[in-house]
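This report describes selected local features of one protein chain. Please look at the sequence and the structure before reading on.

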Amino acid sequence: MFHNLFTEEKVEMEHLHATANLLLEKPPSELAILSKNETALIRKIRLQTDALNQNNLTRTNAYLHFFIRHPEIHWSLLAHIVSRNGGYHMTDLKGDLIKHLLSTKKKEAFFHFLERANALIFYDAYPQLLLYEETKRQQKSLFHLLPAFHASSFMYMMWNEFLSTKNASLLTTSLIVNEQHYIEQRLMHLPFVKKHVLNTWQFTLQEWGRMTYVLVPYQKEHHIRIVGQAIDSFSDLTKRIEYGKHLYHSLFHPSILKGACQFIANYPHTASRSDYSEQFFSPHPHSRKVQSPFLHHAWPDIRHSFYDLSDWFTSMDMLSLLKPSPSSEPIDITDDYYKKMTAFSLLSHH
């Protein structure tokens with residue numbers, strides 16, 4: 001079902017530019033008059049999203065269960081993998097690897113940053129997924145209801161494009177672009193984040209070494225192998241979007257996808273790195289392994305408020321971000337990763 005994913009398909013950019021022009025002139029507004037069924041659906045989706053936005057575990061599992069129901073929505077599996085990594089970084093803050101490198105206050109600041117990003121993306125994206133699910137069930141477009149969830153007019157355009165073309169790659173890229181813009185204006189420019197996270201980010205990256213990998217574990221025969229990439233310049237919006245595209249290519253590459261799905265099915269997400277390496281990590285204190293705790297042992301649930309309802313899509317220039325990145329073969333980093341983890345583990349204990 002995925003073998004034609006990265007063929008050179010010509011995106012009808014002229015059509016998208018024309019549609020975007022109209023949306024920028026007159027964005028879709030929330031309907032003043034809704035049917036009883038539409039009102040009930042909006043309420044149901046809001047309640048479902050709120051219930052599943054409890055913590056990193058519930059969000060990560062929600063993405064996976066949606067992909068199982070609707071495998072044509074590739075972004076949902078990508079979001080599951082990225083959210084898994086978000087959970088790993090949250091528990092790293094309470095594990096052995098960096099416990100001596102950051103103060104308690106700094107650890108809390110980084111956790112709230114990671115948790116807020118995870119929650120914001122879910123708050124924005126999951127209602128879109130559920131609206132697609134209902135569109136599919138009713139066999140008629142319900143995306144005119146997107147403004148009820150304050151989704152960007154950009155995604156109103158791209159979901160309708162997907163209904164017309166079934167271009168899974170374009171929709172995935174669109175959601176990557178959308179979600180990174182969504183956190184850009186709601187998180188990355190907050191004074192607290194700039195002062196306590198981003199302005200110390202380069203320093204922390206150096207301290208963490210290769211802890212900044214985003215990993216795609218996959219089963220190969222009877223072993224778990226890893227592809228992925230190191231993330232730097234996290235404050236750079238365009239780079240984050242390119243990282244997302246690259247991870248998408250790696251995850252859905254024919255040599256990786258089946259093994260990644262096997263790993264996901266066999267190892268439920270706990271946010272402990274022992275999920276993918278019981279030989280190196282342990283969720284409990286251990287004399288010979290690096291402790292990587294379960295999420296519920298590391299951090300409490302956080303109740304979020306969502307107050308910025310503005311639309312990031314304000315310029316035609318943003319359409320250029322839909323251009324696909326050059327595809328490349330995924331690189332297995334397993335051996336290199338564990339060498340660096342071993343060195344970093346020794347460093348962090350001295």
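His269 counts as buried because its relative accessibility is 6%, under the 20% cut-off for that class. The model is a predicted one. His269 sits in the loop between H11 and strand E3 (281-282). Leaving out residues up to four places away in sequence, His269 touches Asn56, Leu57, Thr60, Asn61, Ser83, Arg84, Gly87, Tyr88 and Asp275.

A polar atom of the His269 side chain lies 3.5 Å from the backbone nitrogen of Ala271. Ala271 belongs to the loop between H11 and E3. Ala271 is buried, since its relative accessible area is 0%. Although Ala271 is not a glycine, its phi is positive, at about 80°.

**Helices H4 and H11**

How is a pair of packed helices described? The description consists of the angle between their axes and the distance between the axes. Helix H4 (residues 74-92) packs against helix H11 (residues 257-266) at an angle of about 55°, and their axes are 12 Å apart. H4 is therefore oblique to H11. The crossing in which H4 passes H11 is left-handed.

Which residues make the contact between H4 and H11? On the H4 side they are Leu77, His80, Ile81, Arg84 and Tyr88. H11 contributes Leu257, Cys261, Phe263 and Ile264. By class, the residues of this contact comprise 7 nonpolar, 1 polar and 1 charged. Two of the H4 residues named here, Arg84 and Tyr88, are also among the residues that His269 touches.

Glu221 has a phi near 60°, which is a positive value in a residue other than glycine. The position of Glu221 is in the loop between strand E1 (213-220) and strand E2 (223-230). Is Glu221 buried or exposed? Glu221 is exposed, because its relative accessible area is 69%, over the 50% cut-off.

**Buried residues elsewhere in the chain**

His181 is part of helix H7 (residues 168-188). With its neighbours within four places in sequence set aside, His181 is in contact with Leu237, Ile241, Trp312, Met318 and Leu321. The relative accessibility of His181 is 8%, so His181 counts as buried.

Leu41 lies in helix H2 (residues 36-52). Its relative accessible area of 12% makes Leu41 buried. Not counting residues up to four places away in sequence, Leu41 touches Leu131, Glu134, Leu142 and Leu145.

Ile98 is located in the loop between H4 and helix H5 (104-138). With a relative accessibility of 1%, Ile98 counts as buried.

| Pair | Separation along the chain | C-alpha to C-alpha distance |
|---|---|---|
| Leu41 and Ile331 | 290 residues | 44 Å |
| Ile98 and Ile45 | 53 residues | 39 Å |

**Summary**

Where does the contact of H4 with H11 stand? H4 and H11 pack at about 55° with axes 12 Å apart. In the loop between H11 and E3, His269 and Ala271 are both placed. The His269 side chain has a polar atom 3.5 Å from the backbone nitrogen of Ala271. Ala271 is buried with a relative accessible area of 0%, whereas Glu221 is exposed with 69%.

Terms used: Residues are numbered from 1 along each chain as its sequence is written. This is a predicted model: local features need pLDDT of at least 70, side-chain atom pairs count only at pLDDT 80 or more; totals for chains, interfaces and linings use all residues. Side-chain values use heavy atoms; hydrogens and water are left out. Axes are lines fitted to C-alpha atoms, for helices over the stretch in contact, and angles run from 0 to 180 degrees between N-to-C directions. Helices (H or I, at least four residues) and strands (E, at least two) are DSSP runs, numbered from the N terminus. Angles under 35 degrees count as roughly parallel, over 145 as roughly antiparallel, 65 to 115 as roughly perpendicular and the rest as oblique. A crossing is left-handed if the near helix is turned anticlockwise from the far one by less than a right angle, and right-handed if clockwise. Contact means heavy atoms within 4.5 Å. Ala, Val, Leu, Ile, Met, Phe, Trp, Tyr, Cys and Pro count as nonpolar, Asp, Glu, Lys and Arg as charged, and the others, Gly among them, as polar. Buried means under 20% relative accessible area, exposed over 50%, partly exposed in between (1.4 Å probe, protein chains only). A polar contact is a pair of N or O atoms within 3.5 Å; within protein, one must be able to donate a hydrogen and the other to accept it, and residues adjacent in sequence count only if both atoms are side-chain atoms.
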